[in-house]
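Subject: A structure for you to look at

Hi there,

Here is the structure I promised to pass on. Have a look at it first, and then read my notes below.

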Amino acid sequence: MSADCIFCKIVKGEIPSKKIYEDDDVIAFHDIHPITKVHFLIVPKLHVESLISCNAQHQALLGKILLLAPQLAKEQGLKGFRTMINTGREGGQEVFHLHVHVFGGGESLPRI
Ligand code: 5GP
Ligand code: ZN
């Protein structure tokens, strides 16, 4: 846990979120500023800053998060979706607690 981390506060329930999933390792909740009809974040409960901070010890956790993406997307009514992990300031990361964006719904997403 990191005292001033917004996602750690969401994990602890100190900041409210629109939660869609929780288990011992992971929490998932809707993004506060959705960029598509459905846009949620899958977040490890463990405070890990970014993908750069991950090592072999996080392998199972990363696999679990990725496998949750299609399951939760389906539950949210998505037939297809995009996943995104912003890493570091150059990668557009704003919240330095590892998270996977899952978004989709409505029109097909533009190619990037
Ligand atoms: P990134 O760090 O990958 O750029 O994106 C962080 C994401 O977290 C943004 O899409 C932003 O809208 C979302 N976000 C930031 N603060 C909160 C919050 O307090 N609650 C929720 N639900 N989402 C947040
Ligand atoms: Zn954190």
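A quick definition to begin: helices (H or I, at least four residues) and strands (E, at least two) are DSSP runs, numbered from the N terminus. This is a predicted model, in which local features need pLDDT of at least 70 and side-chain atom pairs count only at pLDDT 80 or more, while totals for chains, interfaces and linings use all residues. Residues are numbered from 1 along each chain as its sequence is written, and side-chain values use heavy atoms, with hydrogens and water left out.

Now to ligand 1. Helix 1 gives the largest share of the shell around ligand 1, three residues. Both helix 1 (6-12) and strand 2 (26-30) supply at least two residues of that shell. Among the 16 residues around ligand 1 (a heavy atom within 4 Å), those that come nearest are D31, E94, V95, H99 and H101.

Which atoms make polar contacts (pairs of N or O atoms within 3.5 Å) with ligand 1? A polar side-chain atom of H99 lies 2.7 Å from an oxygen atom of ligand 1. For N86, a side-chain N or O atom is 3.0 Å from an oxygen atom of ligand 1. I32 uses its backbone instead: an N or O atom there lies 3.3 Å from a nitrogen atom of the ligand. Taken alone, ligand 1 exposes 520 Å² (Shrake-Rupley method, 1.4 Å probe), and the protein buries 86% of that.

Enjoy exploring!

Note on methods. Chains are lettered from A and ligands numbered from 1 in the order in which they are written. A polar contact is a pair of N or O atoms within 3.5 Å; within protein, one must be able to donate a hydrogen and the other to accept it, and residues adjacent in sequence count only if both atoms are side-chain atoms.
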